[in-house]
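I opened the notebook to record what I looked up in this structure. The entries follow in the order I made them.

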Amino acid sequence: LVAVPRFDRGSLQRAAIKPRNSYQIQYVDTNHLFVKPNALCVFETDQGIDLGRVFPCRRNPPADALESKGKLLRLATEEDLKRIPELESVERNAFAKCREKAAAKHLAMKLVTVKCLFDRTKIIFYFVAESRVDFRELVRELASTFRTRIEMRQIGVRDEARLTGGYGPCGKELCCVHQAGEFEPVSIKMAKEQNLNLNSLKISGMCGRLLCCLCYEFKLYREINEQMPKQGAEIRAGGLTYVVTGMDTMKETIQIRHGIRTVEIHRCDLERRDDAYFLRSEVAEAIAKTDKETLEEDSFTY
């Protein structure tokens with residue numbers, strides 16, 4: 001056995017572990033255990049005892065990883081692994097029973113998934129609903145059927161996508177699957193800053209909300225855009241005035257137009273004096289020279 005890669009903050013030692021039937025990585029106390037990455041372990045959290053797979057810790061872990069959320073108990077034994085099919089059978093049965101009873105009681109809720117803790121002390125039902133649901137009678141019936149504690153958790157549509165998983169239009173796994181804790185706020189302003197198509201279908205994820213990835217490059221786009229003229233701004237070049245008709249933020253290029261003449265320049269080709277933009281003299285001369293040569297060539301051809 002080798003030590004799990006971990007980070008230290010004083011006396012704190014953490015291991016990253018992915019619980020059974022979950023995409024989320026949790027950080028728990030190693031409890032002085034040494035295991036291989038990818039090893040199956042039994043661990044304990046405030047929710048109870050569960051089974052999970054050990055992952056190498058990130059080099060720069062999130063701030064919430066410093067909080068104690070549980071501890072490793074032991075390596076999973078053969079007896080532990082034999083219990084997994086039994087737990088999965090309980091979860092399938094619980095899912096079917098809950099959906100059947102909820103429909104019979106006309107409860108406006110959509111059951112997403114069911115998780116049975118490894119020690120069978122609790123079964124958690126995750127559901128989505130547009131409004132508050134009175135599920136007290138449902139909980140009593142489920143507790144009577146399965147003879148264990150029942151917990152009903154109402155989640156949002158983003159949490160639903162995180163639990164069920166899937167792939168986005170980019171071809172990669174959904175961003176929310178790997179996001180721990182609270183979701184970062186995403187606004188339509190982020191899409192505008194990145195010059196994206198504001199069609200709701202183009203910038204919405206599987207959950208129907210704005211794509212999580214819109215916030216990843218927002219700060220970079222904003223930083224670059226602040227150094228570039230806005231669309232419609234005027235740029236002076238000698239005795240001519242060009243108008244900005246478009247830009248490519250990632251390439252840091254700008255399309256400017258004078259009459260029917262459109263030119264693409266780089267951000268470095270501009271000078272800013274007070275609130276006005278000017279083309280650098282050498283760039284303006286190069287454009288004028290190109291225009292003159294083109295005009296002479298067209299006249300000769302004619």
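Buried means under 20% relative accessible area, exposed means over 50%, and partly exposed lies in between, with a 1.4 Å probe and protein chains only. I am working on a predicted model, where local features need pLDDT of at least 70, side-chain atom pairs count only at pLDDT 80 or more, and totals for chains, interfaces and linings use all residues. Residues are numbered from 1 along each chain as its sequence is written, and side-chain values use heavy atoms, with hydrogens and water left out.

**Entry 1: the whole chain**

I began with the overall counts. The chain has 302 residues, and 37% of them count as buried. I found 7 helices and 15 strands. These are DSSP runs numbered from the N terminus: helices are H or I with at least four residues, strands are E with at least two. Next I checked contacts, meaning heavy atoms within 4.5 Å. Among contacts between residues at least 6 apart in sequence, 56% join residues at least 24 apart.

**Entry 2: L142 and its helix**

I looked up L142, which sits in helix α3. Is L142 buried or exposed? L142 counts as buried, because its relative accessibility is 0%. Leaving out residues up to four places away in sequence, L142 touches C98, K101, F125, R147, I150 and M152. I took C98 for a distance check.

**Entry 3: α2 against α3**

Two packed helices are described by the angle between their axes and the distance between the axes. For α2 (residues 84–104) and α3 (residues 136–146), I noted an angle of about 145° and axes 11 Å apart. The axes are lines fitted to C-alpha atoms, for helices over the stretch in contact, and angles run from 0 to 180 degrees between N-to-C directions. The crossing of α2 and α3 is right-handed; that is, the near helix is turned clockwise from the far one by less than a right angle. On the α2 side I listed N93, A94, K97, C98, K101 and A102; they meet L138, E141, L142, T145 and F146 of α3. By class, this contact has 6 nonpolar, 2 polar and 3 charged residues. Ala, Val, Leu, Ile, Met, Phe, Trp, Tyr, Cys and Pro count as nonpolar, Asp, Glu, Lys and Arg as charged, and the others, Gly among them, as polar.

**Entry 4: positive phi**

I then turned to the backbone. N38 is not a glycine, yet its phi is positive, near 80°. N38 is in the loop between β3 (26–29) and β4 (40–45), and is partly exposed at 47% relative accessible area. R120, also not a glycine, has a positive phi of about 60°. R120 lies in the loop between β7 (110–116) and β8 (122–128). How accessible is R120? R120 counts as partly exposed, at 35% relative accessibility.

K202 is in the loop between α5 (188–193) and α6 (218–225). K202 is exposed, with a relative accessible area of 57%. Beyond residues up to four places away in sequence, K202 touches N197 and L211. I also looked up P169, in the loop between α4 (157–164) and α5. P169 is exposed, at 77% relative accessible area. The C-alpha atoms of P169 and K202 are 9.1 Å apart, with the residues 33 apart along the chain.
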